[in-house]
Amino acid sequence: MDKKMMTIDLNSQAMLDKAAKDGVETMYDRKLSMKAQCGFGLQGTCCRICAAGPCRITPKTPLGLCGADEHVIVGRNFARMVAAGTAAHSDHARGIAHTLSLSSRDGNYTIKDEVKLVNLAKEWGVETEDRDIYDIAHEVADIALMEFGKPHGVLNFLSRAPKQRQEIWKRYAIEPRAIDREIATIMHSTHMGCTADIDSLINLSMRTSLSDGWGGSMIGTIFSDILFGTPTVRQSEANLGVLEDNKVNIILHGHEPSLSEMIVLASEDPELVALAKEMGADGINLAGMCCTGNEVTMRHGVRTAGDFHQQELAIVTGAVEAMIVDVQCIFPALAKVAECYHTKFITTSPKAKIAGSTYIEFTEETALDDAKRIVREAILNFKNRDKEKVEIPQLKSSTTVGFSEQAIIGQLDRVVNSQIDQAGTVKPLVDCLKSGVLRGVVGVVGCNNARSTSNKAHVTIMKELIKNDILVVTTGCGASAAGKFGLLTKEARSMASKGLATVCELVDIPPVIHLGSCVDCSRILSVVSEVAKFLDMDMCDIPVAGVAPEWMSEKAVAIGTYVVASGIDTYLGIMPPVAGSDKTVEILTQTLQDSVGATFKVNENPEELAQMIIQDIEKKRVHFEKLVEEKMNEEATVEA
Amino acid sequence: MNLYNTIFNGSEQALAAAKGAVSEAIEKHGREHNVAFPDTAYSLPCIYAATGQKMNTLGDLEGALTIVEGLVNRTHLLEHALNAGLATALSAEVIEAVKYATIDAPYSEPCAGHITDPIIRSLGVPLVTGDIPGVAVVLGECPDAETAAEIIKNYQSKGLLTFLVGKVIDQAIEADVKMGLELRVIPLGYDVTSVIHVVSVAVRAALIFGGLNPGDLAGLLDYTAKRVPAFVNAFGPLSELVVSCGAGAIALGFPVITDQTVLEVPMNLLTQKDYDKFVATSLEARGIKIKVTEIPIPVSFAAAFEGERIRKND
C-alpha cells in the first residue's frame, strides 16, 4: 500500500516522500509493518491483569483462568482505558491548579481573567469582598486541588449541570466524588477477582469519566482561562506551511499551557530575539502542534504547524530547531526522527521523560527562566540547520480561532435586538435551534488514527454536517484538521447550507468553530448545559451530538464516555476494543439510552457516519420540538 | 410546533388556493383570457423578476403555478423554508392577478391594491436619498385602534412609508389616521394576499432602480435584502398562511416582528409584546437609523405630512 494514501493532507504526503528520501521511518511505515493487528486485542478479549495470564477468550476457552468471561474482560479493559484518559486530563488540570496556587502579582504567573476567578470564587463560597485577588486565587486553587482527593461529597462542578441531569447521575450512582479516587477505584475494581459484572464496570467507567469532563478537564479549562486569559476571537494559520525559511522554528507540542505560555513569553524576550538575529535568523517563529498548539492559538493566535499525525513530519521538513514537548500524545519515535536532522527534541516534564531526548526540566517555580533556557537552546541550534535538507511544504490555511464560551456569547450578542432581549445569553443560539434554522450542533473532536486515513473522516464529516444546517464545534486534532482544510475561515460558510450560512454571516463566525484543546471539550459541556438550562430541559433533550471520527487515545475514550454520560449521543469512527462482548456492545449502544439518555454509535465509514448523525439529529428534533411546544403552551397558560 | 412545517403547510394552502382561483377563472373565461395588472411594464412583477417570464393569459398562470409548486420541498432546511415562503408570495400574486383579470374594480377606497409603475418611480428618489428611511408593512389586527394608530403615526412621523393589510386598515380609519400616498400610509387590501402588492413594489424597485435582469432570483433577493429597507409587523393570531408569507418576506431580507408568541429567529422573526417598543424594535431589526432633529412642537412633523390637505372641516 502506498503510504501517501494514508493521509489526505498534501503537505503530509510531500513530507512522506521526503522522509523516504532521507531514510527516516515514520508512523506510517510502522503502521504498514505492523500488518494485521491481533484480533483478541482489537476485540478486547485479551486479559493481562494478573500473572496467571495472559488469557484470551475463544470458543474453546470461553473463560479466563479465574473464570472471567468475555464481558468481564472487555469491561475491565474498557474501564481501564477510561481511567487512563481521566488520569491524563486530571493530572494536566492538577498542574494548572498548582500553577494558580503559585500565581503572584510580580511572578511569572499572574491572573489574567479576574472576573472568571471572582465568579468561580463566589460559586465555591470563597469570600471575595475587599480581598486581594491573589489571596482569592490561592484559596480557589486549594479548593480545586481538593477536588482530586477530597474525602467527602461529590465534585463541585456537577452543580453546573441542569438539575434533571444531576438527578440522573444521582439515580444511577454515577456522581463522581473525588477525581483521583474514581481513577483509583477503577484500578481496584478491575484488579483480578474484584468487579465481575459488566453493568457495574460500565457504571464505574461513567462515574470516572464524569470526574474528567465535569472535574479535571473543566478545572483545566477554567483555570487556564483565569491564568492565561479567556480566549477571544482572532486570526491565525494552520499546516506545516507556517514554518519559516529563515527564522528559528520552535514547535510547541504536548498539552499543558503552563509551559507553552512561558515559551510564548520567552520567545518575545528582546535579548533572545537579538540572539536569534545574531545567529543569522530573521527572528523566532513559534508554531503549535496538538493541544498545546490549540491552547496557544486560542489565546495568542500562534500558528498551528499540524496535528498528531504530523509530529514527525514537522521535523522531516529539516527546518525545526527545537521540538519542545511536555506530556501526552508525544511519539517516543520523535527522538529517532530528530537524530536524522539538527532538530533538538526537548522534553521538559518529569511526567514524560523520553529516552534519546534532551531533557530540560521545566518547573512552575522558575518558569520564565526555564523557558528562556529552552528557547536559547533552540536559537543556538539554528546554526546547525542543514539548508540542503530543508524542504518546507507551502500549503497553509488561514483560520479564525478563539471561541471560548464567552467569545461565543459575545458573537451571539451581535444578533440580539436590544428592545427585546438582554445581551450576554445563549438565547440567539437557542432560538436558532428551536426554530430549526440550525438543525443541531455537533462537536467533532478527537485524534488521528492510523487505522483510518489521516484527516479524511474529520473533514468529510464536518463538510457533510455543515451542508445540512448543523453547526460544528471542534477541539483537539479535529480542530487542527478543520483549520488545515480551510473550514475555520469565515469564507467557509460558502460550503454550508443556507441556514447555517445565514447564521454564520449574522453572527460573524465560521461554520466550524474552534473551541480549543481536548480539555476544552468541557467548554462543549458548558455550552450544551447552558442551552439546556435556558430551556429548562435536560442535556439529552437538545439536538446535539458528539463525534470522534479518528479517535485513538484513552483520553478520547474518557471524553466519549463523559459525553454520553452527560446525555449527548456520541459517534465513533473507529471501533473501540469491545466487540468481543455482545453485552458490552449492547449496553454502550442501546441500554445506556434508558439510563443516561444517550449512547455510542460506531461506523468506520465517514460518509455513512455523517448520514447517521444527520438522521439522528432530525429524530431528536421531533422530541425536542415537542418539548418546546409543551413549554410554550405552559407559558401561554400561565400568561392567560 | 415545527416552524418549517407551518411554513410548508401555509405554502401548500396558498398554492391550492391559487390553483383553485386559476381553474375557476379558466372555466369561466377560458385559457386565453388576458391577465395584467394596470399601469405596469413588468407583467406580474414577482413572477417576472423570479422567473423572467411574462404572464399574459390565464393559461400562462397555470404554467407559472407548476414552477411555484417546484419551490415547495418539505425538507427541513432553511433554504427550502425560504423557497416555500417565496412560493406563497408567488401564489398570492397569481390570486391577485386573477382578481384583476376577472373583476372590474377589485379594489375600492380606501384600499389601493396594485401599485402602479409611476408611483414606484416617484418613490424611487426619496428612497435612495433616505428621505423615506424605510418601508413598514403592517398587517393583521392590533389589540385596539389606538395601538394601531400610535404605531402607524410613529412610522409616519419618522418619514417611513407604511402599507396596511387586513383589519388594521379599519383600525387606522377608526383612529383617524390620515392616509394616502402623499401621507405615506397606504392601505392595500383586506385579504392577506394583497400584501403581494407591496412585495411587488420592492421587486419592481430592484428591476427599475437596481437594473436587475428578470429571472435573476439570487440577484433579486440580494438587492431587496441590501437596498430595500422594508420590514413586516404582523399583529394578531397568525395563520399558517400568514407565517408562510412571513417566510417570503424573510427570503427577501425583510424581518418580521410580531406581537404573537412564535419560534423566534434572531434578526429575522421576532416577538415583541410591548407595543410601545414595537417601532424601535422594528427599526433596529432592519438596521434603520433615523437622523432626527426633534422640534418641540405640539403636532407631528415630518416629510410625510407635506402633501397633507387641510379641509374646511378641519
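Residues are numbered from 1 along each chain as its sequence is written, and chains are lettered from A and ligands numbered from 1 in the order in which they are written. Because the model is predicted, local features need pLDDT of at least 70 and side-chain atom pairs count only at pLDDT 80 or more, while totals for chains, interfaces and linings use all residues; side-chain values use heavy atoms, with hydrogens and water left out.

**View 1. The contact between chain A and chain B.** Chain A gives 28 residues to the contact and chain B gives 26 residues, where contact means heavy atoms within 4.5 Å. The size of an interface is often given as the accessible area lost when the parts come together. Between chain A and chain B the buried area is about 2200 Å², and carbon and sulfur atoms give 59% of that area. Buried area is the accessible area (1.4 Å probe) that two parts lose on being put together, summed over both.

**View 2. The salt bridge between chain A and chain B.** A salt bridge is a side-chain nitrogen of Lys or Arg within 4 Å of a carboxyl oxygen of Asp or Glu. Between chain A and chain B the count is one salt bridge. The partners are the side chains of A:Lys427 and B:Glu264, at 3.1 Å from N to O. Helix H17 (427-435), helix H20 (498-507) and helix H24 (606-639) of chain A each supply at least two residues of the side that touches chain B. Helices (H or I, at least four residues) and strands (E, at least two) are DSSP runs, numbered from the N terminus. That side of chain A divides into nine nonpolar, eight polar and eleven charged residues. In this division Ala, Val, Leu, Ile, Met, Phe, Trp, Tyr, Cys and Pro count as nonpolar, Asp, Glu, Lys and Arg as charged, and the others, Gly among them, as polar.

View 3. A:Asp616 is found in helix H24 of chain A. A:Asp616 is buried, with a relative accessible area of 15%; buried means under 20% relative accessible area, exposed over 50%, and partly exposed in between (1.4 Å probe, protein chains only). Apart from neighbours within four places in sequence, A:Asp616 is in contact with A:Tyr571 and A:Lys601. The side chains of A:Asp616 and A:Lys601 make a polar contact at 2.7 Å. A polar contact is a pair of N or O atoms within 3.5 Å; within protein, one must be able to donate a hydrogen and the other to accept it, and residues adjacent in sequence count only if both atoms are side-chain atoms. A:Val544 is 72 residues from A:Asp616 in sequence and 9.5 Å away in space, C-alpha to C-alpha.

**View 4. Salt bridges within a helix.** In chain A, A:Lys18 forms a salt bridge with A:Asp22, with the closest N and O atoms 2.9 Å apart. Both residues lie in helix H1 (residues 10-22), four residues apart, about one turn of the helix. A:Lys18 is buried at 4% relative accessible area, whereas A:Asp22 is partly exposed at 23%. In chain B, the closest N and O atoms of the salt bridge between B:Lys226 and B:Asp222 are 3.0 Å apart. B:Lys226 and B:Asp222 are four residues apart in helix H9 (residues 217-227), so about one helical turn separates them. B:Lys226 is exposed at 62%, and B:Asp222 is partly exposed at 38%.

View 5. A:Lys344 and A:Glu377 form a salt bridge, with the closest N and O atoms 3.3 Å apart. The pair links distant parts of the chain, 33 residues apart: A:Lys344 lies in strand S8 (residues 344-347) and A:Glu377 in helix H15 (residues 367-380) of chain A. A:Lys344 is partly exposed at 25%, and A:Glu377 is partly exposed at 26%.

**View 6. Aromatic pairs.** Over all chains there are 13 aromatic pairs. Rings of Phe, Tyr and Trp (its six-membered ring) pair if their centres lie within 6.5 Å; planes under 30 degrees apart count as stacked, over 60 as edge-to-face and the rest as tilted. The ring centres of B:Tyr275 and B:Phe278 are 6.0 Å apart and the planes are at 15°, so the pair is stacked. B:Tyr275 is partly exposed at 25%, whereas B:Phe278 is buried at 0%. In chain A, ring pairs link A:Trp124, A:Phe157 and A:Phe223 into a cluster.
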